[in-house]
Amino acid sequence: MQKKFEKDTDGVLLICSKKGLKKYFSKNTFNYNYPDGILPLINKGSVIALTTESSEDIKGELIDLSMNEYKGYKLYGEQNFFIEEEDEIYVLSHSEFTQICSNHHGDIDAFNFWDKKIVVDNLRSGWATAFIYCKMRSDSMYLRTIIQFIYTKERFPYPEISSIPRF
């Protein structure tokens with residue numbers, strides 16, 4: 001898998017499991033408090049979130065390849081991520097995420113995207129560890145990020161997180 005994207009994040013970039021969001025919000029209401037409303041989804045493995053206050057415009061890639069060809073990126077963190085059978089991963093801005101979760105109870109299919117839809121499908125199901133790499137280039141207004149998925153047999157025993165990395 002290799003999916004390049006460009007996104008205006010509205011301050012937060014979210015990588016979301018379509019099935020994970022729908023399942024979570026079928027039983028829970030949306031919490032508008034940031035980051036408190038997102039942390040339970042991260043700790044369940046349904047969402048990867050990056051606070052992008054330093055740059056709202058991001059160029060990035062989702063990969064399950066080696067990082068050997070990518071120079072100058074710094075590892076900022078890692079998170080567990082769960083991909084269900086026949087799931088899709090969406091790259092969302094904070095405002096898209098809020099609309100989907102608040103107004104549509106996590107149902108991505110019910111949302112009419114303002115910008116282009118960034119989706120990855122035909123994924124291997126199960127647990128993955130998502131490694132988050134970033135770099136900021138002085139000659140560009142874009143923050144660059146790579147989110148690398150390394151598939152695992154079971155959830156890695158990371159402790160629950162209480163904050164979202166800032167770039």
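The legends below describe close-up views of a predicted model.

**View 1. The five-strand sheet is open and has mixed pairing.**
Its strands follow the order β1-β4-β9-β8-β5. At the edges are β1 and β5 (74-83), each of which pairs on one side only. Ignoring direction, neighbouring strands of this sheet are turned by 20 degrees against each other on average. In general, the strands of a sheet pair through backbone hydrogen bonds, in either a parallel or an antiparallel way.

**View 2. Strand β4 (residues 57-63) pairs with β1 in the antiparallel sense.**
The pairing of β1 and β4 extends over 7 bridges. Lys3 stands opposite Leu62 in β4, and Lys4 stands opposite Glu61 in β4. In a regular strand, side chains alternate between the two faces of the sheet.

**View 3. Strand β4 runs parallel to β9.**
The two strands, β4 and β9, are joined by 6 bridges. Ile58 has Leu143 of β9 opposite it. Of the 7 residues of β4, 5 are buried, so β4 is largely enclosed by the rest of the structure.

**View 4. Gln148 lies in strand β9 (residues 143-151).**
Gln148 has a relative accessibility of 6% and counts as buried, because the cut-off for buried is under 20%. The side chain of Gln148 reaches the backbone oxygen of Leu65 at a distance of 2.7 Å.

**View 5. Met136 belongs to strand β8 (residues 126-136).**
Met136 counts as partly exposed, with 44% relative accessibility. In sequence, Met136 and Tyr73 are 63 residues apart. In space, the C-alpha atoms of Met136 and Tyr73 are 8.7 Å apart.

**View 6. The four-strand sheet is open and has antiparallel pairing.**
The strand order here is β3-β2-β6-β7. Both β3 (47-51) and β7 (119-120) stand at the edges with a single partner strand, so one side of each has no neighbour in the sheet. Within this sheet, β2 and strand β6 (residues 89-93) pair in the antiparallel sense over 5 bridges. Leu14 has Leu92 in β6 as its bridge partner.

**View 7. Thr9 and Asp10 lie in the loop between β1 and β2.**
This loop runs between β1 (2-8) and β2 (12-17). Thr9 counts as buried, at 0% relative accessibility. The side chain of Thr9 reaches the backbone nitrogen of Gly11 at 3.0 Å. Asp10 is partly exposed, with a relative accessible area of 37%. Although Asp10 is not a glycine, it has a positive phi of about 60 degrees. Most residues other than glycine have a negative phi.

**View 8. His105 also has a positive phi, of about 50 degrees, although it is not a glycine.**
His105 is found in the loop between α3 (94-103) and β7. With 53% relative accessibility, His105 counts as exposed, because the cut-off for exposed is over 50%.

**View 9. The peptide bond from Tyr34 to Pro35 is cis.**
Its omega is near 5 degrees. Pro35 is in the loop between α1 and α2 (39-44). Most peptide bonds are trans.

**View 10. Glu56 lies in the loop between β3 and β4.**
Glu56 has a relative accessible area of 40% and is partly exposed. Glu56 and Lys19 are 37 residues apart in sequence. From C-alpha to C-alpha, Glu56 and Lys19 are 26 Å apart in space.

**View 11. The largest pocket holds about 170 Å³ of space.**
Its lining is made up of Ser17, Gly20, Lys23, Tyr24, Lys27, Asn28, Lys44, Ser46, Phe82 and Glu84. Helix α1 (residues 18-25) gives the most to this lining, with 3 residues. By type, the lining residues divide into 2 nonpolar, 4 polar and 4 charged. Empty space of this kind is shown by rolling a probe the size of a water molecule over the atoms.

Definitions and conventions: Residues are numbered from 1 along each chain as its sequence is written. This is a predicted model: local features need pLDDT of at least 70, side-chain atom pairs count only at pLDDT 80 or more; totals for chains, interfaces and linings use all residues. Side-chain values use heavy atoms; hydrogens and water are left out. Buried means under 20% relative accessible area, exposed over 50%, partly exposed in between (1.4 Å probe, protein chains only). A polar contact is a pair of N or O atoms within 3.5 Å; within protein, one must be able to donate a hydrogen and the other to accept it, and residues adjacent in sequence count only if both atoms are side-chain atoms. On a 1 Å grid over the protein atoms alone, a cavity is a set of points where a 1.4 Å probe fits but cannot get out, and a pocket is an open set with protein on both sides within 12 Å along at least five of seven lines; lining residues have an atom within 4 Å of a point. Grid points are joined across faces, edges and corners, and a volume is the space filled by probe spheres set on the points. Ala, Val, Leu, Ile, Met, Phe, Trp, Tyr, Cys and Pro count as nonpolar, Asp, Glu, Lys and Arg as charged, and the others, Gly among them, as polar. Two strands pair if DSSP finds at least two bridges between them. Axes are lines fitted to C-alpha atoms, for helices over the stretch in contact, and angles run from 0 to 180 degrees between N-to-C directions.
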